[in-house]
Amino acid sequence: MRKLKRAVHLDFHTMPNVTDFAAGFDAREFARTLKQAKVDFVNVFAKCNLGFAYYPTEIGVPYPYMKGDMLGEIIEECHKEGIGVAAYFNIGLDHEMARKHRDWSVVNKEGQVIWGDRTGNFFRLMCLNSGYRDYTLGMIREVVERYPVDGIFLDCLVMNPCYGNECQELLHASGGDPLNDKEVEAFTRQTVIDFCWDVKAITGDDLLLLPNGLGHVHCEGLGTHIEIECLPGAWGYDYFAAQAAFARTLGKQVLYMTGRFHANWGDFGGLKSKASLEYDVWDALMNGIGTSVGDHMHPRDGLDATVYRQIADVYEDVERLEPWTDGAVAAADIAVVLPEGSDLGSNNPRFQKGQQLLYAAARMLGELKYTFDIVWETGDFSAYKLIVLPDEITITSVLKAKLEEHLAEGKGIVSTGFSGLNEERTGFAIDAWNMEFGGADSRNVSYYKMLEPSAGFEPDFKYAAYRQGIRLNKGADCTVIAEDCEPYSNKMWDGFHGYFYTPPADVSGHAAVARSGQVIQIAHRLFFSYWHQAYPADKQLLQYCIRQLMPEPLVRTEGLPSTARIGVTRKGGMELIHIKTTYPELRGKYNVIEEHNVVHGGIVHIRGGDVKRVYTAPDQTPLAFDEVGGYTRIPLPPIPGYLLVVVER
């Protein structure tokens, strides 16, 4: 199956009023522009959000002013240049069919087929328990049988619950309850999954298939690869780090689908800075994955030369690094466990809480310069030195067996909030915790005081725990690291006063942080706290715990700010240390990268010795190094945003 490295994702959602459609378009020039920009794969429109087809379909609705066969010409010319092509079909949106077949639309709980902002995309959605299913499958089959495409890209697999008559009848006939919102949601989700399997029957095993929005967990045996869609300026720069740390563990090819846009998809006049696009590409390289740049082709003029000059500048740099980065695999010391029922790859709002936990974990560990993966409980834990259970990881039978094996090997676990409890949340699931669960913490204010000396903590200060979790009691042979402190009262209204000012009072007798063997339990929900408050003390507490349980991480750094990021990938006998010093700035409501930050005086230490050579790539400038305390110490040159250091052993 085709290897994906330097791709473009091309949107082409064209309103029906472009009477000079494709007047300036030339398929041969289209392919040459991609080739000159070092693009080796492209997702190209077959059916857009409006529902128009860009080939002479016998089933669907061709764009009204199209002449000839745009899709067919693009595929032919791209293949001449060695560029792979996937045909794009929007599944969740088809506004032409929604206009002509109201019965093919999703019906929301209020009985509406149209709702929200009608100048946006998602004011109506398509139901796959209608004639739309066979209609869309027919178009996909038509393209696969007619053209030598390399793959199919299914977009907007939006699993909004449908309360239409057909869905309700089918749910009722299967024994479900049409009045139960969770059952309606689950039924809709299964309908979308079943549809994707129908597409898989058409594409077979030789074509790439990407079900965008379905979620990674539901794609077992289905999606051939993963494209992490993220416009970080609008979506936030915490999104991609967590997504990549999870997706790269699933055994599939992964692309980071960023965009050239400043604001959002379809932002024709928005061109992000070159520094911003470079940042996204560096993120991909640090995670051992490829890159796809999202664009939206002009319906009259074709590809914009300015956009592709910028893509060329960035992709040429990527190509120069590929002797080292192509095929490299990310290294990780720490496994962060995904909350049960969550799926980072899904756009279902129900998963939002679990996703926030993982975004916070990725940010904290990134700021602390630890290497980590995010893993599903069915994943392989054997390579990790430390496991982190963030806030909501109750212990299933599958997870229990893996954690017990991990502890038996002398490795550590950091658990926070309700994590570590059995599924009934009546007590800790594993004897090695050796602590007592005192119930859920009913307070909305609490504090803790460190008893163990730690950098970053003042010995007599009582630190706020911003998101309460559990009441924790120590067991025998258990060490209290931090003691819990009561407030004078909760924040409340007593009929006379609103209790906003709630200073710490006395210690409660409970533990705030406790250690038993290789397990450390933090009582408050540390990761939710960091997501909402970004309190440095939360990060310092996590670092303290990791240092106690994993004193020799893969990398250590000196002189690098918290805004810098470190990634390690491996290829053959090489370890590749990626150092990124550029970072986004929040300007009003938008995250912006306008230029690169240069950092001087940094030092990186990588675990292990017997190093033959250290140099920067791609220029291969030698770097001095020495061995200190089981690590190779490497003073770094000035870093103008990004540096790749190669360590050969």
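**Reading helices and strands in a predicted model**

User: How is the packing of helix H13 and helix H14 described, and at what angle do they pack?

Analyst: The model discussed here is predicted. Two packed helices are characterised by the angle between their axes together with the distance separating those axes. Here, helix H13 (residues 526-533) packs against helix H14 (residues 536-549) at about 145°, and the axes are 9 Å apart. The crossing in which H13 passes H14 is left-handed.

User: Which residues of H13 and H14 meet?

Analyst: H13 contributes Leu526, Phe527, Ser529 and Tyr530, while H14 contributes Pro536, Asp538, Lys539, Leu541 and Leu542.

User: What span should the 16 residues of helix H4 have, and how far apart are its end C-alpha atoms?

Analyst: At 1.5 Å a residue, helix H4 (residues 131-146) should span 22 Å, and its end C-alpha atoms lie 23 Å apart, which agrees. Among the buried residues of H4 are Tyr132, Tyr135, Leu137, Met139 and Ile140, and also the charged residues Arg133 and Glu142.

User: How many residues of helix H8 are buried, and which are they?

Analyst: Buried here denotes under 20% relative accessible area. Helix H8 (residues 238-247) is mostly covered, with 9 of its 10 residues buried. These are Asp238, Tyr239, Phe240, Ala242, Gln243, Ala244, Ala245, Phe246 and Ala247.

User: Turning to strands, in which sense do S1 and S2 pair, parallel or antiparallel?

Analyst: Strands of a sheet pair through backbone hydrogen bonds, in either a parallel or an antiparallel sense. Strand S1 (residues 6-11) pairs with S2 in the parallel sense over 3 bridges, and alanine 7 stands opposite phenylalanine 41 in S2. In strand S2 (residues 41-47), 7 of the 7 residues are buried, so S2 is largely enclosed by the rest of the structure.

User: What is the strand order in the open sheet of 4 strands, and which strands stand at the edges?

Analyst: The order is S23-S29-S32-S31, and the pairing is antiparallel. Strand S23 (555-558) and strand S31 (626-628) are at the edges; each has a single partner strand, so one side of each lacks a neighbour in the sheet. From one strand to the next, the twist averages 30°.

User: Over how many bridges do S29 and S32 pair, and which residue is the bridge partner of valine 604?

Analyst: Strand S29 (residues 603-607) and strand S32 (residues 631-635) pair in the antiparallel sense over 5 bridges. Valine 604 has isoleucine 634 in S32 as its bridge partner.

Methods:
Residues numbered from 1 in each chain as written. Predicted model: local features only at pLDDT ≥ 70, side-chain atom pairs only at ≥ 80, totals over all residues. Heavy atoms only, no water. Axes fitted to C-alpha atoms, helices over the stretch in contact; angles between N-to-C directions. Helix = DSSP H or I, 4+ residues; strand = E, 2+ residues; numbered from the N terminus. Left-handed = near helix turned anticlockwise from the far one by under 90°. Contact = heavy atoms within 4.5 Å. Expected span 1.5 Å × (residues − 1). Buried < 20%, exposed > 50% of the residue type's maximum accessible area, 1.4 Å probe, protein only. Pairing = 2+ DSSP bridges.
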